[in-house]
Amino acid sequence: MVHALPRNAAKHQRSSDTYPHISPGQWTPTRAPDPYSDVMSSLAEWNIPRLNGTSAPLTLSPSETAIFVGANGTGKSALSHWLRKHVPHGASIVHIRAHRKLWLTSPGPDTTPSNYATYSSILAQEDLKPASRHKDARADQRSAGILFRLLSAENERNFRVSRLATGDSLPEELEPSPLDRITDLLQAAGLGLTFHVGKSMSFEVERQGHRYPIDQMSDGEKAAFLLATEVLLADANSVIILDEPERHLHRSISGRLIIQIVAERPDCAFVAFTHDLDLTDRLRHKSTSTTVVRSVKWNGPNPLGWDLEELPPQA
């Protein structure tokens with residue numbers, strides 16, 4: 001399968017060579033450097049409890065993807081929450097939940113730096129509670145935090161570029177902005193959207209010559225925008241858990257978009273939970289493992305184990 005590259009990608013894929021002043025943990029201006037080497041350490045390891053008393057090991061390294069597929073009600077979201085709750089020591093986990101909010105209260109980050117720091121700490125605690133598996137009590141703060149981080153990343157990139165310009169040391173190809181990367185991803189998937197920073201530090205989208213605030217996008221456009229943004233803003237070498245990433249996306253674009261998003265972060269590992277067989281088939285060509293989730297056993301609000309069947313590798 002051929003993956004479309006961002007604009008000018010051939011010239012700035014090796015961002016660590018072009019922009020050596022950017023350290024790990026900062027906004028990565030382009031695709032991360034190729035993580036492969038003779039020895040590649042894992043990012044996270046789990047032992048998932050099975051119904052028969054054994055456990056199913058799950059080990060993920062950079063550029064690897066594990067797929068869990070099953071019908072509604074078989075315990076996929078419960079398993080994604082279990083992985084988030086049982087974070088291995090030192091692992092960076094990003095959990096994009098199935099019941100994520102798709103509406104935006106404003107086109108800009110409706111928060112302050114101090115409020116963002118407070119909400120981030122509260123959300124980290126809330127996400128570990130059993131109830132967070134099926135409801136999000138702080139959805140407004142979560143979406144505001146995504147926009148706050150995006151605007152911060154955009155500003156950081158612009159500051160780095162302005163410093164290079166002041167020192168008369170601009171490279172041949174400028175570091176693409178976060179909004180440029182999001183635009184490239186969505187356009188490669190078939191969404192003709194271009195994103196901008198508008199007035200009053202808000203975000204705007206342009207489609208067919210018409211420019212308007214991002215909170216006026218359709219549900220599908222918002223879903224694609226927020227999904228791409230969360231993945232691109234993830235810390236380097238994270239494990240990104242995607243629970244029903246195809247939600248609210250038309251099937252004509254969902255597979256292409258998710259493939260593009262996964263390919264954009266080769267420094268990360270992905271765990272995808274879905275009941276979309278077409279998406280499963282697309283991802284299996286790139287996945288490390290594919291597991292069918294058949295059922296889950298509960299003890300009150302807590303899962304005890306799952307009936308899992310790992311499928312053989314696809315040729």
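User: Over which residues does pLDDT stay under 50, and how many contacts beyond four places in sequence does the model have for them?

Analyst: This is a predicted model, in which local features need pLDDT of at least 70 and side-chain atom pairs count only at pLDDT 80 or more, while totals for chains, interfaces and linings use all residues. Residues are numbered from 1 along each chain as its sequence is written, and side-chain values use heavy atoms, with hydrogens and water left out. pLDDT, the predictor's confidence in each residue on a scale from 0 to 100, stays under 50 over residues 1-39. For that stretch the model has 71 contacts beyond four places in sequence, a contact being heavy atoms within 4.5 Å. For the protein chain, the mean pLDDT is 82, and 84% of the residues reach 70 or more.

User: Why is Thr229 called buried?

Analyst: Buried means under 20% relative accessible area, exposed means over 50%, and partly exposed lies in between, with a 1.4 Å probe and protein chains only. Thr229 has 1% relative accessibility, and therefore it counts as buried. Thr229 is found in helix 7, where helices (H or I, at least four residues) and strands (E, at least two) are DSSP runs numbered from the N terminus. Leaving aside neighbours within four places in sequence, Thr229 is in contact with Ile146, Leu150 and Ile182.

User: What joins strand 9 to strand 3 and to strand 8?

Analyst: Two strands pair if DSSP finds at least two bridges between them. Strand 3 (residues 65-69) is joined to strand 9 by five bridges and runs parallel to it, with Val271 as the bridge partner of Ala66. Strand 8 (residues 239-243) also pairs with strand 9 in the parallel sense over five bridges, and here Phe270 is the bridge partner of Ile240.

User: Which residues touch the most other members of the largest nonpolar core, and what makes a set of residues a core?

Analyst: A nonpolar core is a set of buried Ala, Val, Leu, Ile, Met, Phe, Trp, Tyr and Cys residues joined through side-chain atoms within 4.5 Å. The largest one has 47 residues, of which Ile182, Leu186, Phe195, Ile214, Phe225 and Ile240 touch the most other members. Helix 7 (residues 219-233) supplies the largest share of this core, nine residues. A second, separate core of 24 residues includes Trp46, Leu60, Ala91 and Val271.
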